[in-house]
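Take a look at the structure below. Then read on for a short walk through some of its parts.

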Amino acid sequence: MRAVRVLFGRELSLAWGGGGGPLLACGFMLCLTAILPLAAGGDPRVLAPAASGASWMALALASLLSLERLFERDLEDGALDLLALGPLPLEATVAIKALAQWLATGLPLALTAPVAALALGQPVHLIGLTALAAAIGGLGFAFTGALGAALALGARRGGLLIAVVVLPLFIPPVVFGAGALTRAANAQDPLSALALLAAYVLFAIVIAPVAGAAAIRNAQG
Amino acid sequence: MDIEKGSQIGGIMLTAVEIKDLSLSRGERVLFQGLSLRLSAGEAVALTGANGAGKTSLLRAVAGFIRPDSGAITFGGADDEALDSEAARRDGVHLLGHLEGLKPTRTARQEFEFQTDWLGGAGAAREAAIARLALTPLLDLETRKLSAGQKRRLSLARLVAAPRALWLLDEPLAPLDERWRAVAAELMAAHLASGGMILAAVHDPLPVPARALDLGGLS
């Protein structure tokens, strides 16, 4: 549908234009990864077992970065009114924005995740699984993040509030995603953890647009 | 006025707005109570009143952003049948508020094309709007470089490029100079003549024949 394409194109252009948001998020993730060996010591015997978990933590934190941009700017400059008077219901608008957020930020981060994990000493054969889990998890981060961003609307300086609202919602995907990698590293089947991760993501995809749209209507009133 | 009652503007046949017994409040403060107003094809209403009297809130309530305390806002179509208000707002309502909804780092062209595409504008009407408001020299500038009046011209172009029956205008002329006020007046007159409706919050009189509705001062 034309409206879907139009909004999707705008969101991608906003994400990439003016400051290169996705590159910033990837750089932030790599910085976090670089800090861990400095804080915990460079011993591979310490770092390697924590590599999966640490890379997922970095992924979750980096996914927070551009959430403020998602609705807050549109509310401040009046574009949200325009979006609400457009052809799509607000629920669809929230879903499209979250999907564009995943494409613009989540996927580049998913490609950065194996680099981070590898640098911390994760076995090389887990590269593919790391990227896959990060891509699936990133979709969950994008939708739960969109929900948090919508809930924080209207609170001035909502950026920090978004982090506090959203990080607890990020815990299940972090547990399942890092769990899948840990299981695979221990030569166990990672599929059950991946399935739980995917289930959480589907749950977020269903809930976030409805709840997010309600929060936006409330902030607009 | 000579109006074709059956003409359709944009994607939906919207020919009347009925506000019945409306009460609005912001926070604890009651803005007004029991306000009734009927607007039919070809009519304009100028809302006046002191700052804070509720002009903007009334426009936002008609646009569906503010839930009234009581009363109803209904939209009528051909032969005065009631329209689904969500559909009426999605295809029949333009809101031109204080904020123009422009992203500072995008060019005027990008923003104009997005806004008109999103609101259902078509190619020919878009070109006509660009010509009417002399936007060509502005289109390649980032919107942060535009003056308030130039931004307002971009927004007026959106109203022309994506035809919709009901224009909700909040101080539409405030940032414009003499020349563009005259053009805006012609656009409004043309909109009314084609069967459109205008509900505008103003301090200066509207440049088209309009009924006045005074919301009074602060109580």
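This is a predicted model: local features need pLDDT of at least 70, side-chain atom pairs count only at pLDDT 80 or more; totals for chains, interfaces and linings use all residues.

Start where chain A meets chain B. Chain A puts 19 residues into the contact, and chain B puts in 23 residues. On the chain A side, α1 (2-16) and α5 (79-84) each supply at least two residues. Helix α1(A) gives the most, with six residues. By class, the side of chain A that touches chain B holds nine nonpolar, seven polar and three charged residues.

Now move to a helix pair within chain A. Helix α3 (residues 44-64) packs with helix α7 (residues 127-151) at an angle of about 35 degrees. Their axes are 10 Å apart. The crossing of α3(A) and α7(A) is right-handed. Which residues meet here? From α3(A) come A:Leu59, A:Ala60, A:Ser63 and A:Leu64. They meet A:Ala134, A:Gly137, A:Gly138, A:Phe141 and A:Gly145 of α7(A). This contact has five nonpolar residues, four polar and no charged.

Last, find B:Pro175 in chain B. It sits in the loop between β7 (166-170) and α6 (178-193). Is B:Pro175 buried, partly exposed or exposed? It counts as partly exposed, because it has 18 C-beta neighbours inside 10 Å; a buried residue would need 20 or more. Leaving aside residues up to four places away in sequence, B:Pro175 touches B:Ala148, B:Gly149 and B:Arg152. B:Lys151 is 24 residues from B:Pro175 in sequence. In space, the two are 8.9 Å apart, C-alpha to C-alpha.

Technical notes
Residues are numbered from 1 along each chain as its sequence is written. Chains are lettered from A and ligands numbered from 1 in the order in which they are written. Helices (H or I, at least four residues) and strands (E, at least two) are DSSP runs, numbered from the N terminus. A residue is buried if 20 or more other C-beta atoms lie within 10 Å of its own, exposed if 12 or fewer, and partly exposed in between; C-beta atoms are placed from the backbone. Two residues are in contact if their C-beta atoms, placed from the backbone, lie within 7 Å. Ala, Val, Leu, Ile, Met, Phe, Trp, Tyr, Cys and Pro count as nonpolar, Asp, Glu, Lys and Arg as charged, and the others, Gly among them, as polar. Axes are lines fitted to C-alpha atoms, for helices over the stretch in contact, and angles run from 0 to 180 degrees between N-to-C directions. A crossing is left-handed if the near helix is turned anticlockwise from the far one by less than a right angle, and right-handed if clockwise.
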